[in-house]
Amino acid sequence: MDYDVSQDGYDDILENASPPQKASTPRLNPEDFAAKKKAQREAVYSMVEQTTKAVSTDGQQFQAYLDLQARLENYSVNNGLLILAQCPGATQLRDFDGWKAKGAMVKRGQKGISILEPGRQYTTADGRIGTYYEVKSVFDITQTNAAISGRKPAYDNRTMAAALIAKRPVPIELVDRLSAGASYDSANKKIVVQRGMDFNSMFCCVSNALAKAEIHLHGGNPDAPAASFQAYCASYMMCKKYGLDVIRYNFSSLPDCISADTKEVRRELNHLHDLFKTMTVRMDRSLSQSHRSAPTQEAR
């Protein structure tokens, strides 16, 4: 069949046609939307459960969890477990809008990291207040076009040592010889430290003793095996956070308090999280104050 094409033709219309629009996703009705959200939550809680089992039975996985919480201390235990399962090397996390507000964009094709975010509260039949949690997607900085900077404020060893023991819960006593380097004397509520230790050894030993003092201060038995392991872990995390050598720490064999049922494991991890936060908040505040009071290069 022949077509009669006039001089004006229709080429300009075809050439300037707007690109095809993607078909809009049909909006779910309330019941389907609720079912979708419920399925998301169940999948996330299952991931928490599976990661808890892995962490409590594998020393390497447990150490990887401690490493992650040392970097991302403001995330809850459940979210720490979720991040470990999906992006164990994460260092900076924000949602899509959070990165956009920072002038960065999430790279095409990146899969979000599912975490739990508290939502509205509810009252149970017996009058207790509960909180609904919703699944939220966040992205690590490596999933964006943001520049990755490894620069952190540099502090000398004396400043770090002073910050470690700033506002300590118990007094410190120096002695000439002590096989452990430092220990917490629960009977006399004091920390005993050997003189003359190198900085790395001192930081490791004293942070362990400080952790036991904190446990004792909050009603725990600092000499119990579970408390000793918590202090050991908190000391390790302090060293990781502040860039010290951690060669002396070994997690190849986990104690029974970590190999218990998953709810008990998460309870112990929550105690550890609170202990670590207490110590780092105090140390960070001291470091921040020393940074503000340090003379500038021009003042020198």
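Author: Buried means under 20% relative accessible area, exposed means over 50%, and partly exposed is in between, with a 1.4 Å probe and protein chains only. This is a predicted model, where local features need pLDDT of at least 70, side-chain atom pairs count only at pLDDT 80 or more, and totals for chains, interfaces and linings use all residues. Residues are numbered from 1 along each chain as its sequence is written, and side-chain values use heavy atoms, leaving out hydrogens and water.

Reader: OK, so is Cys233 buried or exposed?

Author: Cys233 counts as buried, at 1% relative accessibility. Cys205 is buried too, with a relative accessible area of 10%.

Reader: How many disulfides are there?

Author: The structure holds zero disulfides, a disulfide being a pair of cysteine sulfur atoms within 2.5 Å. For Cys205, the nearest cysteine sulfur is that of Cys204, 6.5 Å away.

Reader: Switching topic: what's the secondary structure of the chain?

Author: Nine helices and six strands. Those are DSSP runs numbered from the N terminus: helices are H or I with at least four residues, strands are E with at least two.

Reader: And how much of the chain is buried?

Author: Buried residues make up 36% of the 300 residues. Helix 4 (residues 77-86) is mostly covered, with seven of its 10 residues buried.

Reader: Which ones in helix 4 are buried?

Author: Val77, Asn79, Gly80, Leu81, Leu82, Ile83 and Leu84.

Reader: Now the rings. How many aromatic pairs does a search of the whole structure find?

Author: The search finds 11. Rings of Phe, Tyr and Trp (its six-membered ring) pair if their centres lie within 6.5 Å; planes under 30 degrees apart count as stacked, over 60 as edge-to-face, and the rest as tilted. One of the pairs is Tyr236 with Phe251, which is edge-to-face at 5.0 Å centre to centre, with 75° between the planes.

Reader: Where do Tyr236 and Phe251 lie?

Author: Tyr236 is in helix 8 (residues 225-241) and Phe251 is in the loop between helix 8 and helix 9 (262-293), so the pair ties together parts that are 15 residues apart in sequence. Tyr236 is buried at 1% relative accessible area, and Phe251 is buried at 2%.

Reader: Which aromatic cluster has Tyr236 in it?

Author: One formed by Phe62, Phe229, Tyr232, Tyr236, Tyr249 and Phe251.

Reader: Last one: what sits over the ring of Trp99?

Author: The charged end of Arg94, 4.9 Å from the ring centre. That label needs NZ of Lys or CZ of Arg within 6 Å of the ring centre and within 35 degrees of the ring normal.
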